[in-house]
Amino acid sequence: MKRLLLGVFIILLLTGCWNRRELNEMAITYGLGIDKDGDDFVVTAQVINPEQVSGQKGGGASGTRSPVILHEERDKTVLGAIRKLSRTASRKIYVAHLYILVFGEDFAKEGIGDALDLIFRDQEFRTDFYVFIAKGSTARDVLATATPFAVSPAQEIYDRLRYSNRHYNPAKATGIRELISNTTAEGIVPVIPSLLFEKSTTSSNQESSDAPVPEPPLPTGNLAVLDRDQLVGWLNEGQADTFNTIINNIKHAASKFVCKEDQYGAIESTDVKAILKPEFKTSPKMNIKIKLTGKITELDCDQFTTTPKEIRQLEKIIARYLEEMHTNNIKEVQEDIGVDIFGFGREFFRKKPEAWKKLKNNWSETFRQLEVKVNVAVQITGTGTTDDSYLKRLRKEKNKR
Amino acid sequence: MSFFRRRRRVQQKQQQSNPITLKSTQSLDEVQQLINKYFGDQSDMIFRKVGIGNDNKHEGLLVFIQDITNQDYISEQIIKPLKSIPQQSDSTSYIDYLKDTILITGDISISSDFTTLFDDLLMGKALLFIEGQEQALSIAVDDWKGRQVEQPSAQTVVRGPRESFTESINTNKALIRKRIRSHDLQIKSKRLGKYTQTEVSILYLKGVADDDVVQEVEKRIDKIRLDGISGSNQIEELIQDDKFSPFPTIDNTERPDIIAASLLEGKVIILVNGTPFALIAPVVFMQFFQTAEDYYSRFFLASAIRFLRFISLFITLLAPSIYIALTTFHQEMLPTRLLSNLAAQREGVPFPAFVEAIMMEVTFEILREAGIRMPRAVGQAVSVVGAIVIGQAAVEAGIVSAAMVIVVSITAIASFVIPSYSIANSIRLLRFPMMVFAGSFGFFGLMLGVFAIVVHLCGLKSFGVSYMAPLSPFHLRDQRDTFVRTIKSYFSSKGETLEKSKK
């Protein structure tokens, strides 16, 4: 018994960090925005009002209160500002359940590195939130929005990022770990999503408040490219599509293709895999092999899909189209943006370490002139519930007239 | 109080120190006086003078206690034969003649020692003194009033025998003999309790039960010195291995079929007169999660239900403490939406989660205790009021949060799933220290508490058998009937656990 007690006391000395706090002493923060004003960080926190956020019926008078409250403070350090927030929040800011972390565009141009250290270091952050840049606005503007349906704007934005990442090719969601590791990794730079306000959408059902509160901004295909921690450019949707394909960030998405002028088709991929093979003989060269498996979902082409032979032909048409598209997009990125978002350098580093030693000192220059060869292999596994497109018959009937 | 008791004991000792024996010179009246002096004036004691033989040549005195003897039997089997002794035979020992030839009852003995005779009188025997003889007969005519064999009330089964033990030890022994008709079934009886003279029987299956365990049980029972034994729990408390452990190291049951199965497993059974619960020793922790029903239903179901019981064990022990730890220390471990819901419920609750939990658990224990002791007619009212106290009303009054009510309820219901009442009670009690651990150190404290319990359990022994066997030490063969019940022959049912513990 004595030995057991001794054991218990010894174990008590092994404590990590923990702290007792009641649920109603915390300001649960769903969204955090960081801007910069002069030398000061401007930290905006979207704190929820649990009674309004949860499904419970609010009792009487509290029924009309807003589900989220915005607090804003400025300080020389991020933590300093966060601690200052408790002046207005009257509780301790609790960030373990953060949904989104947003940086203003201006701040991103200056470089977000200073702000990231705290977020990576502090144990309270759970690191499963998304990071993005507010295109054309400050972080505060993004967090100051309201949603008619979802309980909190931060949650709404989180869901928008998550589902568009899954179902929409050019969209991407970036977590804090990926961002931080890519800012310091060799041969790759981080790309994080951006959100943009659609000008016309202001929510109409805000009768209680005086000023119209804008709806949360939408995720765009305009991914922000950071050179280390500084915003240097934006990808357009096509480039973002290629980018996502090459970094294998596409699982179940639809790829559009053109089989003849004005004739479109779409293939819903069940599996997309890009394999990067760096090559270095006299000059560096990157071979990209993309394997795409999927089923035809839309087909407005002249091709038939009745026999296997015809399907093989269609596969080739699609592959050729995608090859051309990706090659062009990569070339645009090389020329217009000029930083290695695809991680080609990293592939050299991993697979051709000797070559990388020679290349790394002048990599950004090499990247711009890098010869890239894209090879796409398409495999059609199905044509849905029909074979030949009914559109073909429709067109034939129309022509009869 | 203890002072008086000690004095009384001293007096008793002096009285017992001089044994009185029956002498042939004593007249029957003198005998009666002696009895009256010893017992005091007992209203239910009958002294009946009988003339023996059809010529009333000898005179006899029949003494018995009216309420615990069978009157018909006395008149039919004792008085009637005595009256109708045909011819006086002049044998040297008249008493032997009566015992062997005239009185045709099964249990009859001869003694001249008054102490023995008085004991017999209290055991429901009739004493027969014969004028001029220096020995007396004691004839078994006892008729103890008791219950019939009824259905078990504490351990019911759907598909299985419906007999349960009664307060009478003889009935109980009969119920066991009925199930095990073997000469290997050994029954040893002792009398315990200075005043109560309670019969305690030790049962085991010779050749199956470990001799060391049997001897150990006997040794421990022999050590018991008590004024009175009122139930088997007293015996259990006095002979168990670790008296201060919250966990029982002796099992009890009211079902003779469980006793029969335990005997076949090599266990030792202790029956106590006046208690319908038999004790089983040695016992291991896992056994408390097995029921008779397991063996009377299909083994798939039995195994699945066992898993359910282990889940219930963890809920009973840990649910409130996990809730406390999660909501006051580890909010980051909750799903976000659950957190905001819980936070909304906690909004306006004035107490910390720990106080809230302790309050609700104590309230539940109060209600439970009230429900057990109440007369059946009032019990209804208790449950109605109870539902209001720990239900919606408490939430609406803003005293507790709704989630807490759910936690308390599931804890309460889970505690009823554990089949053994004794282990359920220990776990019920242990959840309070666990809540203190969780309330002061979060999951870290909770792990400390669980750790301490596991260490304690692994150190416990029940009559030389490790309490956590067959898990620690691990016996592969016994896994067939631990977490799951597989099909196995009952007659090789003695497990490795009992065999290997013998060293």
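Start by colouring chain B by pLDDT. In this predicted model, helix H1 (residues 2-16) of chain B has the lowest mean pLDDT among the elements of that chain, 49. Strand S9 (residues 268-272) of chain B has the highest, 95. Where pLDDT is low, the predicted coordinates should not be read in detail. Across chain B as a whole the mean pLDDT is 85, and 91% of the residues reach 70 or more. For the complex, the predictor gives an ipTM of 0.77 and a pTM of 0.81.

Next, select the residues of chain B that touch chain A. There are 21 of them, in contact with 22 residues of chain A. Helix H11 (299-328), helix H12 (336-346) and helix H17 (421-459) of chain B each give two or more residues to this side. H12(B) supplies the largest share, 8 residues. Coloured by class, the side of chain B that touches chain A shows 11 nonpolar, 7 polar and 3 charged residues.

Step past the end of the helix to B:Gly348, which follows H12(B) and has a positive phi, near 90°.

Move to chain A and show it as a cartoon. Chain A has 14 helices and 16 strands. Of its 401 residues, 41% are buried. Among contacts in chain A with a separation of 6 or more, 72% join residues 24 or more positions apart.

Then look for the largest nonpolar core, which has 106 residues. Select A:Ile100, A:Ala224 and A:Val225, the members that touch the most others. Helix H10 (residues 308-337) of chain A gives this core its largest share, 8 residues. Centre the view on A:Ala224 and leave aside its neighbours within four places in sequence. Which residues is A:Ala224 then in contact with? They are A:Ala108, A:Ile133, A:Val191, A:Ile192, A:Ser194, A:Leu231 and A:Trp234.

Finish at the second core, which is separate and has 72 residues. Members to select include B:Val268, B:Ile423, B:Met434 and B:Met435.

Technical notes: Residues are numbered from 1 along each chain as its sequence is written. Chains are lettered from A and ligands numbered from 1 in the order in which they are written. This is a predicted model: local features need pLDDT of at least 70, side-chain atom pairs count only at pLDDT 80 or more; totals for chains, interfaces and linings use all residues. A nonpolar core is a set of buried Ala, Val, Leu, Ile, Met, Phe, Trp, Tyr and Cys residues joined through C-beta atoms within 7 Å. A residue is buried if 20 or more other C-beta atoms lie within 10 Å of its own, exposed if 12 or fewer, and partly exposed in between; C-beta atoms are placed from the backbone. Helices (H or I, at least four residues) and strands (E, at least two) are DSSP runs, numbered from the N terminus. Two residues are in contact if their C-beta atoms, placed from the backbone, lie within 7 Å. Ala, Val, Leu, Ile, Met, Phe, Trp, Tyr, Cys and Pro count as nonpolar, Asp, Glu, Lys and Arg as charged, and the others, Gly among them, as polar. pLDDT is the predictor's confidence in each residue, from 0 to 100.
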